[in-house]
Amino acid sequence: MMTLPDLNVLRPASVAEAVEALRAHPGARVLAGGTDIVPNLKYGMYDTQHLVALRGLSGELRYVRESAGPGDLLLGAMCTVDELARSEVVKARLPALADACGQIAGPQLRRMGTLGGNLCLDTRCVYINQTHFWRNALGYCLKKDGTVCHVVAGGKRCVAAASNDTAPVLLALGASVKTVSPRGSRELPLREFYVSDGIHNTVLAPDELLTEVRVPAAAASRRQAFAKLRTRAAIDFPALNLAVALDLDGKVVRSVSLAVSALAARPALIKGLEDLHGRTADALFADELGRRAHKQCKPLTNIGIDPEWRRELLPVLVRRTVLRAIG
Amino acid sequence: MSIGERFPKSDGVVKADGSGLYTDDIAFPRMLHAKILRSPHAHARIRSIDLSAAEAYPGVVATLVGSELPAKYGVIPWTQDETALAVEKVRHVGDAVACVAALDEQAADEALRLIRVDYEVLPSVLTPEDALAHPEIKVNEKAKVGNITKHVHLQFGEVDEAVAGAAAVARETYHYAGSTHVPIEPHCAVARMDADGNLTVWSSTQIPHYVQRELSRVLGLPQSRVRVIQPLLGGAFGGKSDPFALEFCVAKLAIKTGRPVKILYTREEVFYAHRGRHPMKMDVTLALDRDGRIAAVDNRILIDGGAYASFGLVTAYYAGQLLTGPYRFGTYRFDSYRMYTNKPPCGPKRGHGSVQPRFAFEVALDEAAAMLGIDPMEVRRRNFIGEFVETVNGQKITSNGFLKCLELVEEASGWKERHGGKLGRGRGLGVAGSMYISGTAYPVYPNEMPQSGVLVKLDRSGRVAIFSGASDIGQGVNTLLCQIAAEEMHCDPREVTVVAADTDLTPVDLGAYSSRVTYMVGLAAREACQKLAAKLQAAGGATFAEACQRAEAAEGAPLAATGGYRTQKLGGDYRGGTIGASPAYSFTAHVAEVSVDEETGIWKVEKIWAAHDCGKALNPTLVEGQIEGSVYMGAAEAQMEEMVYDEKGLLFGPSLLDYRIPTSLDTPELDSFIVESIDPGGPYGAKEAGEGPLHPAIPAIANAIHDACGIRIRELPFYPHRILKLLRERDARGARGKERAAS
Amino acid sequence: MRLSALIRLNVNGEDHALAVPAQRTLLEALRYELGLIGSKQGCDKGDCGACTVLARPRGAAGRGEAILSCITLAHDAQELAITTIEGLAGPQGLDPVQRAFADCGALQCGFCQPGMMLSARALLDRNPKPTLPQIKEALSGNLCRCTGYTKIYEAVQVAAGLRSPAQRAPVRSERAEASDSVAQPVKEFAP
């Protein structure tokens with residue numbers, strides 16, 4: 001029906017081989033579960049012919065384990081989101097992550113899609129996620145083959161939306177990611193992983209692979225909740241999603257993190273919440289968080305669902321999610 | 001198992017075990033794959049097409065352009081305004097321009113990119129208002145005046161007088177967005193020409209007979225040399241009841257290359273083929289006398305037709321002609337314009353032309369009744385038109401089980417205890433009713449021949465073969481034929497072979513549209529079976545097989561009989577009076593229960609109770625399936641379906657991810673009831689069940705939203721942002737009211 | 001001739017060797033190379049579920065989990081054991097899921113149903129007595145346009161032995177007079 005171009009698919013058997021393959025083929029893209037890249041390839045969204053398939057890395061990169069010492073939770077990038085949703089360990093320690101994973105796409109896609117794939121999910125916009133024919137009829141756009149942004153008049157920076165559901169949760173929980181490249185491996189906090197560029201919204205270099213997510217041990221004791229707004233209750237990408245994590249001492253808030261996404265290219269960690277430490281965790285507090293999110297977040301026309309409505313909804317969703325987290 | 005019983009579908013096993021063949025499952029040795037190049041412009045003149053690079057591409061075997069198939073076609077003979085590929089002009093984004101056949105799909109796709117088309121972009125009109133205001137921007141030369149496909153103005157009685165004297169008048173504007181069918185199977189066609197000049201086309205079509213006629217005309221082949229076969233079909237809903245570009249392209253390319261050729265539309269192409277529900281702007285006036293009886297209805301409708309006529313002539317009539325039951329009107333007027341615009345063409349989608357006006361009507365009825373303090377159930381009962389009566393526009397209603405439908409949904413939903421704000425803020429019930437045709441008197445092209453024919457043959461083994469031209473599109477007509485045979489001849493319905501929808505082998509049936517199949521094919525089949533039953537009865541025998549042998553011996557020839565359905569003369573005695581005139585009408589009532597989150601505007605249909613009078617359920621399982629599927633489709637349009645275009649006529653989101661249909665988690669609980677009014681004309685009393693049950697869903701939901709939170713939504717889809725806006729307006733009115741009261 | 005490589009697929013318990021290009025999807029390989037036309041193309045990009053097949057690692061027990069074959073590369077399916085709709089029936093005839101779908105009227109046009117039946121089969125393999133919400137969730141990646149899903153749920157419950165098929169009888173409506181003939185005269189005619 002929709003044909004793929006001639007592809008050269010490299011099938012490394014180890015992380016080292018995978019990184020080498022990326023280095024040797026500039027422009028090559030990673031094929032993990034394929035749930036995003038294969039449809040996008042059918043849409044002709046990428047020019048490369050080279051794919052580096054990671055199926056052979058399942059042995060190395062598919063695990064849920066605890067680190068020695070601090071007891072951080074380590075999640076291999078090749079875990080499917082379905083197994084994370086079902087994992088007893090994840091459900092017990094990181095219930096918001098299990099919840100988010102269980103709401104990604106639909107049942108079949110969850111069994112195919114990986115954690116790494118979701119964190120590195122390409123940004124989305126109604127003007128880019130279409131066939132070549134359609135984009136040509138449109139006149140193309142900033143993200144590919146064009147010079148105009150159809151979302152922001154005169155815009156010079158792509159604002160395609162971050163559309164992953166694991167990102168807000170892991171941001172709120174203070175996770176970090178480990179990557180491997182020909183230059184070695186590095187670990188960086190997730191909040192430094194995303195950038196405000198819809199064309200490529202992570203700091204991953206073309207020859208760099210995300211291999212592991214580390215969630216601090218303390219995350220397990222935080223009250224946490226995730227919410228996803230979408231038109232249908234299955235399959236759809238988020239129209240808005242958010243995650244909140246709180247440290248409570250009885251009813252007193254010790255700290256709070258709130259992440260909101262499906263806005264522009266960068267999942268947003270709501271800023272300046274430090275003055276709320278010491279407040280009582282109650283409805284007024286939840287309202288205040290909602291107000292702050294509303295002030296800092298501006299949904300766009302990039303994903304085709306009324307952005308003013310989504311902006312009005314955000315404080316309501318935040319409030320309800322915070323109250324859910326508090327319990 | 002015969003009439004009235006839940007006989008499992010005759011094609012159940014081949015659909016369950018995966019062996020059944022749909023058109024894309026058919027392949028032949030040396031078959032080529034073809035792809036169509038489409039226009040990126042909404043309106044443009046084609047200056048030139050350069051195929052040289054495409055023709056030279058490895059794997060390409062042949063190409064095709066519009067000038068090779070210049071004959072115009074179209075399903076309605078008076079508005080044949082389409083060509084297989086564009087000749088001189090393209091009229092919408094996605095219009096077909098050229099075709100390439102290659103050894104595999106990938107080569108065909110790659111070669112398409114090498115075709116150079118030089119377009120002169122023309123100004124376009126994208127709304128019916130613009131189309132009216134700019135007759136000089138001529139979308140389609142078929143229009144005699146400006147961009148008007150059809151204008152219908154019909155009046156019955158003194159409407160203005162009646163409105164002026166009325167006790168309650170609801171006068172509002174309603175907007176219905178366009179929606180499309182989304183069959184899970186995309187269009188597909190395969191063609192093969194043999195060395196003797198016989199062309200065979202397999203196609204996922206609801207209208208094999210019309211496709212045969214049009215192929216013959218456009219290709220310049222005698223109709224007797226053209227064979228159209230409809231394999232198993234994966235959903236249609238009216239989206240496959242036109243002839244389409246792919247059918248002509250595969251045929252012509254098969255002739256050109258001497259090889260079989262297949263085209264399978266991508267999902268995106270299905271959106272450009274479209275033929276879906278027309279967007280309508282409706283100004284509706286509904287007037288009640290002080291006893292709540294309908295004094296007058298006046299409807300002005302502006303219909304957005306897209307670039308080609310398709311069934312648009314009929315749409316312009318149906319938009320008004322199908323509203324005159326189940327309630328009686330004293331006077332009635334409607335004025336409809338169906339306009340050409342530079343967008344994919346609209347056509348018949350389940351409940352063709354009447355779903356939109358029914359929505360407006362049923363909401364207006366509730367609103368006017370509320371002005372008089374009359375309960376919505378009561379106002380519908382009070383206006384019941386009766387049985388064996390003629391409507392204000394000359395349609396003959398025979399059996400009418402509408403009151404029973406209302407009674408059932410009223411009872412099942414707990415209406416009396418639960419409607420009228422009794423469920424608390426944010427939850428409510430709504431009711432709506434409707435009427436629909438069981439086929440029409442109008443055979444699409446004028447002729448004196450039967451609309452349906454069936455041939456039945458008996459074998460000495462006791463095996464029955466039924467040859468039927470009818471399209472089984474999943475509704476189960478082939479199964480009904482087995483049951484009719486069993487009912488009349490007392491054979492085993494599992495020992496019936498149905499040969500269907502093959503123009504070489506089966507008698508003509510005009511197609512699966514306007515809900516004609518059960519009624520018309522059913523009558524034809526019954527006639528044929530009754531003829532044979534008489535012979536079997538006379539021959540006698542201990543078993544069915546023995547009776548067949550004895551009867552054949554008596555006959556001295558194979559035992560076979562035919563039956564047909566002849567179009568009756570129906571309808572009012574005025575121009576257009578036959579359009580919408582049906583031998584029998586079905587009736588439906590829904591109650592919907594919704595919950596509305598007033599903080600967000602997000603709402604949910606919790607449950608729909610649907611009662612449908614189908615005259616007689618020849619197979620209750622199949623009828624329930626039609627009711628449930630129809631209700632699902634109506635609720636889907638209320639929730640989330642809309643064709644949205646940008647300012648250059650480009651359709652947003654031609655995919656199943658962007659154009660959303662409800663998943664299992666988005667579908668309300670559906671409780672369906674079958675009502676049997678036993679129609680004197682229908683086969684065993686049967687009337688239609690395939691389209692009628694859709695209509696009340698949308699207004700029932702709108703009326704339920706009003707019960708839940710006091711707002712009237714008059715624009716589809718009922719997006720949460722629209723609901724929220726209306727809630728805010730309601731609150732502002734309330735605040736102003738309180739201020740006034742306080743001051 | 002496109003550059004192809006030899007792959008081995010295990011489908012319905014049988015090994016097949018085929019030469020396909022790297023970009024061939026599992027759905028294309030099943031339909032066009034192996035002639036297993038039961039899996040369908042509805043959208044070809046993972047939005048509708050019509051291409052659903054069951055997959056498990058080779059050597060694993062059971063039939064596997066539901067995945068989408070239109071966005072799986074054929075080469076990547078080599079390490080899997082695949083079950084298509086054709087592999088569900090056995091020497092005893094149709095699988096209970098197939099039998100129930102056929103008997104309960106869950107099959108209208110039938111096009112989405114191979115995928116739907118396989119998703120249902122995978123659910124019952126893992127959870128033999130599912131609740132209605134669990135059924136809905138398991139099937140939420142399979143779009144159906146014909147049925148409104150109602151008879152599909154019923155068929156799954158019947159296959160699971162949780163209920164028998166619906167048997168609600170039609171209701172007769174008696175001859176009904178018009179509400180009144182005074183205010184709005186309407187011509188009557190003999191039936």
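Which residue of chain C forms a salt bridge with D671(B)? The answer is R168(C), and the closest N and O atoms of that pair are 2.9 Å apart. Keep in mind that this is a predicted model.

Let me stay with chains B and C for a moment. The rule finds ten salt bridges across their interface. It also finds 35 residue pairs in polar contact there, both residues at pLDDT 80 or more.

Chain C puts in 66 residues, and chain B puts in 88 residues. The buried area between the two chains is about 6,300 Å². Carbon and sulfur atoms give 55% of that area.

Strand β25 of chain B, residues 669–676, pairs with β6(C). The sense is parallel, over two bridges. Which residue is the bridge partner of E676(B) in β6(C)? That is R172(C). And D671(B), from my opening pair with R168(C), falls within the residue range of β25 in chain B, 669–676.

Next, chains A and C. Here the contact takes 28 residues from chain A and 33 residues from chain C. About 2,600 Å² is buried between them, with 54% of it on carbon and sulfur atoms. Which residues of chain A lose the most area to chain C? They are M1(A), R55(A) and Q108(A), together 26% of what the chain A side buries.

One pair to look at is R11(A) with D76(C), a salt bridge whose closest N and O atoms are 2.9 Å apart. On the chain A side, the elements that give two or more residues are α2 (37–42), α4 (81–86) and α7 (107–112) of chain A. Of these, α7(A) gives the most, with six residues. The classes on that side are 16 nonpolar, three polar and nine charged residues.

Chain A also has a sheet worth a look. Three strands form an open sheet in the order β1-β3-β2, with parallel pairing. The edge strands are β1 (8–10) and β2 (29–31) of chain A, and each pairs on one side only. From one strand to the next, the twist averages 35 degrees. Take β2(A) and β3 of chain A, residues 50–53: they run parallel, and three bridges join them. Within β3(A), L51(A) is the bridge partner of R29(A).

Last, salt bridges overall. Side chains of opposite charge can pair when their charged atoms come close. Over all chains, the structure holds 111 salt bridges. One inside chain B joins D109(B) to K35(B), with the closest N and O atoms 3.9 Å apart. Why single that pair out as a tie between parts of the chain? Because D109(B) lies in helix α3 (residues 105–112) of chain B and K35(B) lies in strand β1 (residues 32–38) of chain B, the pair ties together parts that are 74 residues apart in sequence.

Notes. Residues are numbered from 1 along each chain as its sequence is written. Chains are lettered from A and ligands numbered from 1 in the order in which they are written. This is a predicted model: local features need pLDDT of at least 70, side-chain atom pairs count only at pLDDT 80 or more; totals for chains, interfaces and linings use all residues. Side-chain values use heavy atoms; hydrogens and water are left out. Contact means heavy atoms within 4.5 Å. Buried area is the accessible area (1.4 Å probe) that two parts lose on being put together, summed over both. A salt bridge is a side-chain nitrogen of Lys or Arg within 4 Å of a carboxyl oxygen of Asp or Glu. A polar contact is a pair of N or O atoms within 3.5 Å; within protein, one must be able to donate a hydrogen and the other to accept it, and residues adjacent in sequence count only if both atoms are side-chain atoms. Two strands pair if DSSP finds at least two bridges between them. Helices (H or I, at least four residues) and strands (E, at least two) are DSSP runs, numbered from the N terminus. Axes are lines fitted to C-alpha atoms, for helices over the stretch in contact, and angles run from 0 to 180 degrees between N-to-C directions. Ala, Val, Leu, Ile, Met, Phe, Trp, Tyr, Cys and Pro count as nonpolar, Asp, Glu, Lys and Arg as charged, and the others, Gly among them, as polar.
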